[in-house]
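Good morning, and thank you for making time for this item.

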Amino acid sequence: MNDNQTLLSVENVSTHFFTEDGVARAVQDVSFSIKKGKTFALVGESGCGKSVTALSIMRLVSTPSGKIVGGNIVFEGRNLLELSGKQIRQIRGNKIAMIFQEPMTSLNPVYTVGNQIVEAIRLHQKKSIKAAWADATETLRKVGIADPEQRVSEYPHQMSGGMRQRVMIAMAVSCEPTLLIADEPTTALDVTIQAQILDLLDQLQEQNGMSILLITHDLGVVAERADNVAVMYASRIVEVADSRTLFAEPLHPYTQGLLKSLPRLGLSAKRLQTISGTVPDPLHFPAGCKFHPRCCVGCSDKRCQTVEPKLRKVPSGRYVACWYAPGYEKKCKT
Amino acid sequence: MITYIIRRLLYTIPIVFGVLLITFILFIVVSGDTSVEEAGKSASKETIEEIRKERGYDKPLFLSWDSQFIKHLKNTLVFDFGRARDRELIIDKIKRGAGPSLSLTIPMFLGTLIISVSLALVVAFLRGTIIDILAVLLCVAGMSIPFLSFILFGQYFLAFKWGLFPVFFSPDLTMVQYLALPVLIGIAAGLGGNLRFYRTVMLDEMRSDYVRTAFAKGLSVRRVLFKHVLKNAMIPIITRVVLAIPFLFLGSLLLERFFGIPGLGYLMIEAIGARDRYVIMAMTYIGALLFVVFNLITDICYAFVDPRISLE
Amino acid sequence: MLLLTRGFPLNEQGVKLKKELPKGRGLWVDGLRRLRRRKLAMVSFGIIMVYLLLTGFVCVTEIFDWQVGPARWDEKVGSEYEPPSAENIFGTDFLGRSVFRKTLYGTKISITVAFWASVISLGIGVPLGAIAGYFRGVVDEIIVWLYTTLSSIPYILLILAFALVLRGKTVFGYKLAGITSVYLAIGFTSWVGICRLIRGEVIKHKDREYVLAARSYGCGNSRIILRYIIPNVFHIIIINFSLSFVGFIQAEVILSFLGLGEKTRPSWGAMIDAARLDLPKGYWWEMTAATIAIFFISLALNIFGDALRDSLDPKLRIQ
């Protein structure tokens, strides 16, 4: 996985939360890699661990309860998990930037947006205050904010949700990172604004050539914009493929279920299908394959109930974690 | 801005009226006519009658133009509280006591504030570590020791036994000399509760989303704490600080009693001993008025810290 | 949905909410289970129980007139000012009475005062808060005005004023003496905090679906408040009870010390008052005994109250 096309590779990362009620295994044995200039999507329901995966890459998992307990995260040839606090701070916001789900609360309410962008710029680049402010204004213009000269000295509460998300993006791209992590960037926004924000991300990617790790629960978003997709369920990745293949031929029953529950044009006669049951509690995962209580294929299979399948390469060249995926077991025995 | 202040001022009118009503009911209606007690055991009928006239006990309570209630309203609003048992004007007593009280409470308050806010930042910085847990436990332990024990043991050991400080106020001592120990004791006693409060405020702020954003930018913990958290935490801190100021004027009841500082706390203790309810009433009214005023100031202070509050 | 998805602070709330769904566990079962796992809180609970049992024991001995232990605090057990010894572990006071027995007896006075003060303050604060929050309008404005006014009078002055004025008054043929005026003064002045909290919670709850549902099938207002809303804010009452109890104990000590409390029977405040004169002469034990007694019950209540709050409602903070 370490050819020079790869920007980031996540290898067997596990992140646990040590709570009063026990250990919550939020991320287990997750591996994937992101190529330069490409968009990688991490898809899953709420609570499946996709955000924690992103925070693990930034090393921002909340202490003291959360801890990355294993694995490697290699970014531009360096293992992020082995860096000192100072070294990781030089990467955060500079090489890897992140935008969050809640534009309403993610900006500091008591500072102007300009102040907050300038802070990021001056932290990573040796620039005068004046130059940094000019940069900030320019970045705001780049993310499509009208009248940036005035907006730059406004406070977050004076802006709409969509505009605040643009400010977040401006802050993130102000240092021209090579990787942008977008954690559900559009979930809190109106549908019309959602498309605009995603288009903006596309456009910035073209300009800067950065890679994007797009975290979402919305398969519709993924289909259009991602090059590769990983589907996450209950703290594990259950399937990885390029997005075209995934949509054409999903291998894991969970992915199949997700796709069937998507509305599609031309198929309006049929009722949308749903996946029965709920996401398991990270403190009390079921034994065996975590999806088996909700799975229409393997819910009564003894093996599915007792042994958890690992993510493996199947003969078709894709990665999946299901005993029933074609070729999965053959590969396992050899 | 002006309209905001005017509106806030108008809002204080019913509150001040309420305070007047409560003090009236408590001190005049419920207490009743105490002229006999006030005049002393061997007083003549004339003396008692005179006191009744002066206090207005001979007038109806409500529902008349010269009722006691109207008199209470008129007099209290202009700080005319009448005379204390020793015939001195109460307002003069209060004016005299304010200075010594403030010279005790201001250093005590500032000391507690500075020490506890800086310690709270350190503890928030070390959150979750053994030092943090120990600090919280010590705070709770400190809060559980009665204030009286702090004073009595402090005075006994530091002043009486080891002779580090003078035991008691006397006019020939300098202010620093006789105030050092009470201030020190006051700070020690107040530290636990304050530190715990400010720590909670800081930790609440540290859980906010904007703190995560700040870390994602690559800021160091120190910078996040001092630039981002502290300014947001200023809002609850200012509330607590400004609303504590009225209490500074009231002095410290117990500290002044034990160290013989002739301030307002001492005045109140004397009044309780003499059952002189007019002094207590005057202090209650002034205390409430100060509180209302500083509440107004708090609201205006918010506007300077929090851009979200618009004054229109 | 949950905090876990946002990944940052996985706190108890996040996990709790999640659990409630599949297993149908209630807030109380969950909270108490979490509470039971905190060792310090359980030790504190044990200490509180010891104080309560002691109070109960003293009450029983008084009712049946048993002449044992703390009930015999008035007895002369030695000479004046005996230092602590194996016989009298906290020594004796200026009349040769056992300081240990006096301390035990003082427990009853303090706990009784704090208990009745709590009952009065909850008895005023909870109904007023619920009515204000539920009906809003003019009623709300009057109640808010009342508590804003009361809370603008510095607490210590208000409580002193009440204690001073109530003392020696005769109400319905009952003379308010000793501890009665103390707990009345504390109770009447301390309901503002809980009233404000309950009002806020009721405003939050009254437009929730379950209340609307109850109204839709014809429940009356009083039934909705008592059967639907109060159980949902009950944990706040409990938390407030345990945390304000400490304040009441300390207030009793100060009032007794100022001579506005119990005069004829021993209480912790009166013991400290006596020790004020004894301490300079080197008789430290009475002061120490009272301090220790106050310290442990306060510490236990503080720790237990905090743990209770964290377990039942992590978002609730001291106002």
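Which residues does B:S101 touch, not counting residues up to four places away in sequence? They are B:L248, B:F249, B:L250, B:G251, B:E256, B:G263, B:L264 and B:G265, where contact means heavy atoms within 4.5 Å.

Before going on, a word on conventions. This is a predicted model, in which local features need pLDDT of at least 70 and side-chain atom pairs count only at pLDDT 80 or more, while totals for chains, interfaces and linings use all residues. Residues are numbered from 1 along each chain as its sequence is written, chains are lettered from A and ligands numbered from 1 in the order in which they are written, and side-chain values use heavy atoms, with hydrogens and water left out.

Let us stay with B:S101. This residue is found in helix 5 of chain B; helices (H or I, at least four residues) and strands (E, at least two) are DSSP runs, numbered from the N terminus. B:S101 is buried, its relative accessible area being 0%. Here buried means under 20% relative accessible area, exposed means over 50%, and partly exposed lies in between, with a 1.4 Å probe and protein chains only. The side chains of B:S101 and B:E256 are joined by a polar contact of 2.7 Å. A polar contact is a pair of N or O atoms within 3.5 Å; within protein, one must be able to donate a hydrogen and the other to accept it, and residues adjacent in sequence count only if both atoms are side-chain atoms.

B:S118 counts as partly exposed, at 38% relative accessibility. Its side chain reaches the backbone oxygen of B:I114 at 2.4 Å. B:S118 and B:R199 are 81 residues apart along the chain, and their C-alpha atoms are separated by 9.8 Å.

I turn now to helix pairs. Two packed helices are described by the angle between their axes and the distance between the axes. Axes are lines fitted to C-alpha atoms, for helices over the stretch in contact, and angles run from 0 to 180 degrees between N-to-C directions.

In chain B, helix 5 packs with helix 10 (residues 221-250) at an angle of about 155 degrees, the axes being 11 Å apart. The two are therefore roughly antiparallel to each other; angles under 35 degrees count as roughly parallel, over 145 as roughly antiparallel, 65 to 115 as roughly perpendicular and the rest as oblique.

Chain C comes next. There are 13 helices and 2 strands in chain C, and 56% of its 319 residues count as buried. Of the contacts in chain C with a separation of 6 or more, 68% are between residues 24 or more positions apart.

How do helix 4 and helix 13 of chain C pack, and at what angle? Helix 4 (residues 39-64) and helix 13 (residues 285-312) of chain C meet at about 135 degrees, with their axes 8 Å apart. They are therefore oblique to each other, and their crossing is left-handed. Residues of this contact divide into 15 nonpolar, 1 polar and no charged.

Helix 13 of chain C also packs with helix 11 (residues 221-257) of chain C, at about 160 degrees and with axes 9 Å apart. This pair is therefore roughly antiparallel, and the crossing is left-handed. By class, the contact of helix 11 with helix 13 of chain C has 12 nonpolar, 6 polar and 2 charged residues.

Finally, C:T61 has its place in helix 4 of chain C. C:T61 is buried, with a relative accessible area of 1%. Leaving aside neighbours within four places in sequence, C:T61 is in contact with C:W66, C:V68 and C:A71.

Terms used: Left-handed = near helix turned anticlockwise from the far one by under 90°. Nonpolar A, V, L, I, M, F, W, Y, C, P; charged D, E, K, R; others polar.
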